[in-house]
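Thanks for coming. I have one structure to go through today, and I will keep to a few points. Please look at it on the screen as I talk.

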Amino acid sequence: MKGGYTRLFDDQASGDKVSEYADAHSTPLPAHITAYHAHASASRHDSEMLSSNFQSKLHLFLARSIGAKRVLEVGVYVGYSAMLWAHATGPDGLVTGLEYSPELAEIAQDALAKEGINNVEIIVGNAAETLPKVSPSTPYDIIFLDADKPGYSNYLSIILANSQPGSKNRLLRPGGLIIADNVLRRGHVADSSRTDREVEDAGLWNSHIEAVRKFNDQVVGEKRLESFLTPLWDGLSMIRLVD
Ligand SMILES: C[S@@+](CC[C@H](N)C(=O)[O-])C[C@H]1O[C@@H](n2cnc3c(N)ncnc32)[C@H](O)[C@@H]1O
């Protein structure tokens, strides 16, 4: 194709149809996970924070593809994606979640317990403080970044610093994945001409977009990482730690 890039959809209507078709032709998620998504969507005013079921199918596919047994999630919210990672890693796997809000962490723990899932631990606090203290006996296979976007760059620096080749208690294993959500912010990160915003304060919003750009630049400029930024959903960066 001229220009070397693919325009995904001609218009919104066909874009919706293509997404629905692709979703319907990807392996279904277990019923308890879709049921929890439906429950959280219906009962919470802030449910836009949930990952979609469709995107979660890719998360599951990635986890199973690399035989992931241990996942570290930054940003748990009500535990929907933690439930997905617990399913992906199986009962003998481990999921560690970092969540700022004690209330949300409690909701997540309750929901997981209700499903009989007992291999998820949630550490409450600001991930900028809790992430550097995570010191696993076996490194994680996947780290999912889905918390405050301005924090991403710092989280990446911590992961790289604490996953040095040959180091004891490294965070992420060689060949492990960092999956970073919302790295396009509805197009704003790539297209400065957009005028809509998710927050009223223009200065805050611009600093937020700049922070995500900094993260994306950091990823692509880092020799220890290989990455693919997919322009699906809100932008999902799939990053592999080489060493
Ligand atoms: C987008 S939601 C996570 C959604 C969840 N991963 C899912 O897909 O179901 C972001 C979460 O990150 C949490 N968060 C925001 N800033 C944080 C920080 N500095 N440290 C830890 N958690 C944070 C928020 O409280 C919120 O629960």
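Start with Ser-101, in the loop that runs between strand 2 (94-99) and helix 5 (102-114). This is a predicted model, so please keep that in mind for every number I read out.

Is Ser-101 buried or exposed? Its relative accessibility is 14%, and the cut-off for buried is under 20%, so Ser-101 counts as buried. The side chain of Ser-101 also has a partner: a polar contact of 3.3 Å links it with the side chain of Glu-103.

Now the ligand. Where does the ligand sit? It is in the largest pocket. There are 19 residues around the ligand, and the ones that come nearest are Ser-51, Ser-81, Glu-99, Ala-127 and Asp-146. If you sort that shell by class, you get 11 nonpolar residues, 5 polar ones and 3 charged ones.

Next, some distances to nitrogen atoms of the ligand. For Ser-81, an N or O atom of the side chain is 2.8 Å from a ligand nitrogen. For Asn-126, a polar side-chain atom lies 2.9 Å from a nitrogen atom of the ligand. For Tyr-155, the distance from a side-chain N or O atom to a ligand nitrogen is 3.3 Å.

How much of the ligand's accessible area does the protein cover? On its own, the ligand has 600 Å² of accessible area, and the protein covers 88% of that.

How values were computed:
Residues are numbered from 1 along each chain as its sequence is written. This is a predicted model: local features need pLDDT of at least 70, side-chain atom pairs count only at pLDDT 80 or more; totals for chains, interfaces and linings use all residues. Side-chain values use heavy atoms; hydrogens and water are left out. A residue is near a molecule or strand if one of its heavy atoms lies within 4 Å of it. A polar contact is a pair of N or O atoms within 3.5 Å; within protein, one must be able to donate a hydrogen and the other to accept it, and residues adjacent in sequence count only if both atoms are side-chain atoms. Accessible areas come from the Shrake-Rupley method with a 1.4 Å probe; for residues, only the protein chains shown count as cover. On a 1 Å grid over the protein atoms alone, a cavity is a set of points where a 1.4 Å probe fits but cannot get out, and a pocket is an open set with protein on both sides within 12 Å along at least five of seven lines; lining residues have an atom within 4 Å of a point. A molecule sits in a cavity or pocket if more than half of its atoms lie within 2 Å of its grid points. Ala, Val, Leu, Ile, Met, Phe, Trp, Tyr, Cys and Pro count as nonpolar, Asp, Glu, Lys and Arg as charged, and the others, Gly among them, as polar. Helices (H or I, at least four residues) and strands (E, at least two) are DSSP runs, numbered from the N terminus. Buried means under 20% relative accessible area, exposed over 50%, partly exposed in between (1.4 Å probe, protein chains only).
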